[in-house]
2 protein chains.
Amino acid sequence: MEPRAKIWIERDGRLVLSDYRVRLLRLIDESGSLADAAKAMGLSYRRAWGKVKEIERNLGVPLLESAAGGPGGGGSHLTPEARRLVDQYGNFRTAAEADLTRNFRKSFEDTPG
Amino acid sequence: MEPRAKIWIERDGRLVLSDYRVRLLRLIDESGSLADAAKAMGLSYRRAWGKVKEIERNLGVPLLESAAGGPGGGGSHLTPEARRLVDQYGNFRTAAEADLTRNFRKSFEDTPG
């Protein structure tokens, strides 16, 4: 047997951070481009943008800064606050997973299967 | 912000224990009757029975013992192995929830909201 968990974070009863959403933010951070991040996740630009705006709205925190355009296009990057949340979520996720395994072993020790 | 989690247990990639399934087993244990447990969960007897059989199949462990009938009907109760799994799941669930909160606070401390 093995434990499984789906973990997310809400604010005022609304989903704000989940593996999926944090993956989108991380990809924006890595690529410096919302378009590239959207593509990597198989989302339309419009949908990815809407997702980021929804997180911003539910968190009450700006997540994306867009640089002015130009020949090479503008590009997007995360605000310091967004980068901090992504890091915090990563720490939370890792610790939660380790403890899940630990708690499972402790609770179900000596059980066959 | 607050952490949320959906937790379950698989065996060979198949769902075996979850809050919902353990609640059904617990209700059978408390009422001594699969029919009463099914009713309390808004399930048909057939569906509740199928659910228990599915868990048994996926776990490879018998969960239900049925007493012979008679004027008052037979009744069902959990096998010692099933009762043990229900208890272990309860311990696991409680510890997992406490650690989720602890990990969340540790990871997100000093974050507004």
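The legends below describe close-up views of a predicted model.

Local features are given at pLDDT of at least 70 and side-chain atom pairs at pLDDT 80 or more, while totals for chains, interfaces and linings use all residues. Residues are numbered from 1 along each chain as its sequence is written, chains are lettered from A in the order in which they are written, and side-chain values use heavy atoms, without hydrogens and water.

**View 1. Fold and outline of chain A.** Chain A has 4 helices and 4 strands, where helices (H or I, at least four residues) and strands (E, at least two) are DSSP runs numbered from the N terminus. Their order from the N terminus is β-β-α-α-α-β-β-α. The C-alpha trace of chain A spans about 65 × 30 × 20 Å along its principal axes.

View 2. Of the 113 residues in chain A, 44% are buried (buried, under 20% relative accessible area; exposed, over 50%; partly exposed, in between; 1.4 Å probe, protein chains only). Of the contacts (heavy atoms within 4.5 Å) between residues at least 6 apart in sequence in chain A, 48% join residues at least 24 apart.

**View 3. The largest nonpolar core.** A nonpolar core is a set of buried Ala, Val, Leu, Ile, Met, Phe, Trp, Tyr and Cys residues joined through side-chain atoms within 4.5 Å. The largest has 32 residues, of which Phe108(A), Ile9(B), Leu17(B) and Leu63(B) touch the most other members. Elements that each supply at least two residues of this core include helix H4 (80-108) of chain A and, from chain B, strand S1 (2-11) and helix H4 (80-108). H4(B) gives the largest share, 6 residues. Another core, of 31 residues, lies apart from it and includes Ala37(A), Ile55(A), Leu59(A) and Val61(A).

**View 4. Surroundings of Leu17(B).** Leaving out residues up to four places away in sequence, Leu17(B) touches Phe108(A) of the other chain and, in chain B, Trp8(B), Ile9(B), Val22(B), Leu25(B), Ile55(B), Leu85(B) and Tyr89(B).

**View 5. Arg23(B) in helix H1 of chain B.** Arg23(B) is partly exposed, with a relative accessible area of 42%. Beyond residues up to four places away in sequence, Arg23(B) touches Ala40(B) and Met41(B). Leu34(B) is 11 residues from Arg23(B) in sequence and 12 Å from it in space, C-alpha to C-alpha.
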